[in-house]
Amino acid sequence: MAKDYYKILGVGNDATDEQIKKAYRKMAVKYHPDKNPGNKEAETMFKDVVEAYDVLSDKDKRQRYDTYGTVDPIYEGGGMSMDDIMKRFMRMGGFGSFFDDEFGGGMSFERQTVSRGANAKVRVTVSLRELYNGGKKTIRYDRYKRCRHCDGKGYETDGRLVSCPHCKGSGYITKTTIYGHALSRQMTQCPYCGGSGKFVDKPCRECGGSGLEKVEESFEFTLPPSITDGAYMGINGMGHHGERGGQPGDLLLYFKVEDDGKFSISDSNPYDLVYIDEVPILDCITGCERIIHFIDGKDYKYTLKPCVPDGYVLSLRDKGLPKKEGRGNLLVYIKHKMPVALKSDDERLLRKLKKSTTFK
Ligand SMILES: [Zn+2]
Ligand SMILES: [Zn+2]
């Protein structure tokens, strides 16, 4: 029993050539393997649609089909491979025929789906001082943007897209593999045209056909609070432009916080700064005033009470990194600083001190 080609295209038996063409266009776009990768059902539908149009668009074949219900022995039993179907599809004009019809043939249609641009990844080194001060930072990075010379088309104004000779414009090639006595035929994307089925006959002299040019972009952003090493931030649409008008990708900023040497970020709280103050042992015993040369360029004084233990932590409020509201603290770790050696006078005095019950 032959297939009902009218039903496949969703038209009546009395459909005009125009109606058949229109229905075919709709169905071929819907079930094209590019749009339905790995979908066997769509593949079968696509085969049927191509077959139906092949018959119904040909006056003789259609008449024979209408009269006898069958036309072409190759269609009996559905014996055509996907490769053959694709070839037939392309021979019937592929998608190009639709667009040539609609736009008067001025510009070939590209079957390639427009793809989104890649993300631009930028490593941003931030000093602790910048983090402390907060505010804005400007970075520069290489970005692929729509070529200004060809406006992203990829070819010169007098050039145009031509069919890829390797895959005859289908975007597919058939790979044949031999397993013992069996042949396996597989359709794969054409490596010469990247599956687009098209080549540029006069590539743009500025971008070489990609439609993209590399430019130095500058981007200003507000430093988010609490950046840690390895943190990242994504900015929508500031990545590379897609080829031939594709949406741009994102800009991904990977942060590296520069080591300061004197100050660091607390492991337990990203808003707190840590400072290790090495205090001479006798100052720790007697108590003293200390001065910190801080990252904001100012000097801060703090007081140590007598007999402060080693490892003691003082918290200086609001001297940490900016939060959404307010700031973290500056944690000052007291480290006892021992003399490297004792002079004989010092030793004599200390030995005398040792006799005091204070040091027992
Ligand atoms: Zn260009
Ligand atoms: Zn090709």
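Four donors count as tetrahedral if all angles lie between 85 and 135 degrees; four count as square planar and six as octahedral if opposite donors are over 155 degrees apart and all others between 65 and 115, and anything else is irregular. Donors are N, O and S atoms within 2.8 Å of the metal (3.2 Å for Na, K and Ca); water is not among the atoms, so sites may look incomplete. The model is predicted: local features need pLDDT of at least 70, side-chain atom pairs count only at pLDDT 80 or more, and totals for chains, interfaces and linings use all residues. Residues are numbered from 1 along each chain as its sequence is written, chains are lettered from A and ligands numbered from 1 in the order in which they are written, and side-chain values use heavy atoms, with hydrogens and water left out.

The zinc ion (ligand 1) is coordinated by the SG atoms of C147, C150, C204 and C207, at 2.2 to 2.3 Å. The angles among the four donor atoms run from 100 to 115°, and the site is tetrahedral. For reference, the ideal angle for four tetrahedral donors is 109.5 degrees. Along the chain, the donors of the zinc ion (ligand 1) are spaced as C-x2-C-x53-C-x2-C. C147 lies in the loop between β2 and β3 (161-163), and C204 in the loop between β6 (198-200) and β7, so the pair ties together parts that are 57 residues apart in sequence. Helices (H or I, at least four residues) and strands (E, at least two) are DSSP runs, numbered from the N terminus. Both C147 and C204 are buried. Buried means under 20% relative accessible area, exposed over 50%, and partly exposed in between (1.4 Å probe, protein chains only).

The structure holds 17 salt bridges. Each is a side-chain nitrogen of Lys or Arg within 4 Å of a carboxyl oxygen of Asp or Glu. K61 bridges to D54, with the closest N and O atoms 3.3 Å apart. K61 counts as buried at 18% relative accessibility; D54 is buried too, at 10%. K214 pairs with D142, the closest N and O atoms being 4.0 Å apart. This pair links distant parts of the chain: K214 is in strand β7 (residues 212-222) and D142 in strand β2 (residues 136-146), 72 residues apart. K214 is exposed at 51%, whereas D142 is partly exposed at 45%. K301 and E289 also meet in a salt bridge (4.0 Å, N to O). K301 belongs to strand β13 (residues 299-304) and E289 to strand β12 (residues 288-293), so the bridge ties together parts twelve residues apart in sequence. K301 and E289 are both exposed. A network of salt bridges links K3, D48 and E51.

Three strands form an open sheet in the order β1-β9-β8, with mixed pairing. β1 (120-126) and β8 (232-235) stand at the edges, each with a single partner strand, so one side of each has no neighbour in the sheet. Two strands pair if DSSP finds at least two bridges between them. β1 and strand β9 (residues 251-257) pair in the parallel sense over seven bridges. V124 stands opposite F255 in β9.

Helix α2 (residues 17-31) has 15 residues and should span 21 Å at 1.5 Å a residue; its end C-alpha atoms are 21 Å apart, which agrees. The expected span is 1.5 Å times one less than the number of residues. The buried residues of α2 are I20, A23, Y24, R25, M27, A28 and Y31.
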